[in-house]
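Me: I am new to this structure. Could you walk me through how to read it?

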Amino acid sequence: MKDPSLRLERAIEVALSGGVLVSGLLLLSGLVAGSHGLLRSGVVLLMLTPVARVLVLTLGLFHERDFLFGALSLWVLAVLASGIWVSVHL
Amino acid sequence: MNEPPLLLALLGAATGLVGALLGLGGGVFLVPLLTLALGVPIRAAVAASLISVIATASASSTVNLEKGLVNMRLGMTLEVATTLGGLAGSIIAALLTQRQLFLIFGATLGVMGAIMALRSGTRNVIEDLDVHPGRLGGRLQEGERTFVYRVRRLPLGLVASLVAGAISGLLGLGGGIIKVPVLNAFCGIPIRVSAATSAFMIGVTAAASSFIYFGRGDMALPMTAAIALGALPGSLLGARLSHKVETRSLKILMAFVLFIVGAQMAMKAL
């Protein structure tokens, strides 16, 4: 039980660090270059980082056959997805 | 952007540092600082704060996960209530006046601060390692020693998360200022685990609201970017420093923050 959980924690760490690092670089270059497009992509990527985190956790929990927590995680993902849907249709 | 980017980045770094130490996103400091001190319009300030909360939560979680401080299952369970609260927040907002909101919020924080201050000497951990932590509890490594903790009063934790989510949706915060004290004072979670698990959750809470602000076009991109760029290293440093700060000092710092923010909210209402 412990090992797959640890592996899941590492996978989430990678998702979070990746999102933070790439969006940080985009924001920095956007500020330096004065590019609206780069800033926009950096902010969007940063907003999607927690979503990626929930996605990885959901997949990992189902993979571990932890269906109760997997279902809870799926609910959170659904709420986030509805938020994105609303923002696209505003 | 009228404000110098360096000043904004420093502001982001300072709020990220304190936020990561205490498991808050730092929105409770950022929104008043931006609106009152720098004259930024409230919607732009809230939008920038939400992005900064996401940056703080994501960056500090990488460190906290590595240290084994995050209770992911507990976080996920409370996130269900938080996201529901976020949705409910927009409905409640229509029923209460802004003044009533600030008063309720300020009073809640004041009471919470008093509880944290009074409880600063008590600990939630069990030293007997044979005690089973239960499905949601866990183990905590502190230096050479390992402790066990069990989750108590989960329904209360869920209600607190619901309220935190609602407040987050209303005021553009992560909601950690409600979750951390309740988890620590009532639910049996050690302060470091409360802070790390809260930080893990608030990114998701803030993300949900940030899409709406972004979609509405309320985000001032250069200002938001400068603050987030400061928050990233600030929160990494805060999360790395957290184990160097004594548990008791963390609780007293939390009580202090609760009093200051509570008083400021109450003053806005009066």
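Me: How many residues of chain B are in contact with residues of chain A?
Reply: The size of an interface is often given as the accessible area lost when the parts come together. Here we count residues instead. Keep in mind that this is a predicted model. In it, 36 residues of chain B are in contact with 38 residues of chain A.

Me: Which elements give two or more residues to the side of chain B that touches chain A?
Reply: They are helix 3 (42-66), helix 4 (72-95), helix 8 (191-216) and helix 9 (221-241) of chain B. Helix 8 of chain B gives the most, with ten residues.

Me: How do the residues of that side divide into nonpolar, polar and charged?
Reply: On the side of chain B that touches chain A, 23 residues are nonpolar. Another nine are polar, and four are charged.

Me: Now chain A by itself. How many helices and strands does chain A have?
Reply: Chain A has three helices and zero strands. From the N terminus, its elements run α-α-α.

Me: Is chain A compact or spread out?
Reply: Compare the radius of gyration with the globule rule. For 90 residues the rule gives 12 Å, and chain A comes out at 16 Å, well over that value, so chain A is more spread out than a compact globule. Its C-alpha atoms fill a box of roughly 50 × 30 × 10 Å along the principal axes.

Me: What share of chain A is buried?
Reply: A residue is buried if 20 or more other C-beta atoms lie within 10 Å of its own. In chain A, buried residues make up 38% of the 90 residues. Among contacts in chain A between residues at least 6 apart, 43% join residues at least 24 apart.

Me: What is the mean pLDDT of chain A?
Reply: Where pLDDT is low, the predicted coordinates should not be read in detail. The mean for chain A is 89, and 94% of its residues reach 70 or more. Among its elements, helix 2 of chain A has the highest mean pLDDT (93), and helix 3 of chain A has the lowest (87).

Me: On to chain B. What pattern does chain B follow along the sequence?
Reply: Chain B has ten helices and two strands. Read along the sequence, the pattern is α-α-α-α-α-β-β-α-α-α-α-α.

Me: How does the radius of gyration of chain B stand against the globule rule?
Reply: The radius of gyration of chain B is 17 Å, close to the 18 Å that the rule gives for 270 residues, so chain B is as compact as a globular protein of that length. Its C-alpha trace spans about 60 × 40 × 30 Å along the principal axes. Buried residues make up 58% of the 270 residues in chain B. Of the contacts in chain B with a separation of 6 or more, 81% are between residues 24 or more positions apart.

Me: Which residue of chain A has a positive phi without being glycine?
Reply: Most residues other than glycine have a negative phi. R65(A) has a positive phi, near 60°. R65(A) sits in the loop between helix 2 (36-63) and helix 3 (67-88) of chain A. R65(A) counts as exposed because it has 8 C-beta neighbours inside 10 Å.

Me: Where does R153(B) lie?
Reply: R153(B) is in the loop between strand 2 (145-149) and helix 6 (154-171) of chain B. R153(B) is not a glycine, yet its phi is positive, about 45°. With 14 other C-beta atoms within 10 Å, R153(B) is partly exposed.

Technical notes. Residues are numbered from 1 along each chain as its sequence is written. Chains are lettered from A and ligands numbered from 1 in the order in which they are written. This is a predicted model: local features need pLDDT of at least 70, side-chain atom pairs count only at pLDDT 80 or more; totals for chains, interfaces and linings use all residues. Two residues are in contact if their C-beta atoms, placed from the backbone, lie within 7 Å. Helices (H or I, at least four residues) and strands (E, at least two) are DSSP runs, numbered from the N terminus. Ala, Val, Leu, Ile, Met, Phe, Trp, Tyr, Cys and Pro count as nonpolar, Asp, Glu, Lys and Arg as charged, and the others, Gly among them, as polar. A residue is buried if 20 or more other C-beta atoms lie within 10 Å of its own, exposed if 12 or fewer, and partly exposed in between; C-beta atoms are placed from the backbone. The radius of gyration is taken over C-alpha atoms; the globule rule is 2.2 Å times the number of residues to the power 0.38. pLDDT is the predictor's confidence in each residue, from 0 to 100.
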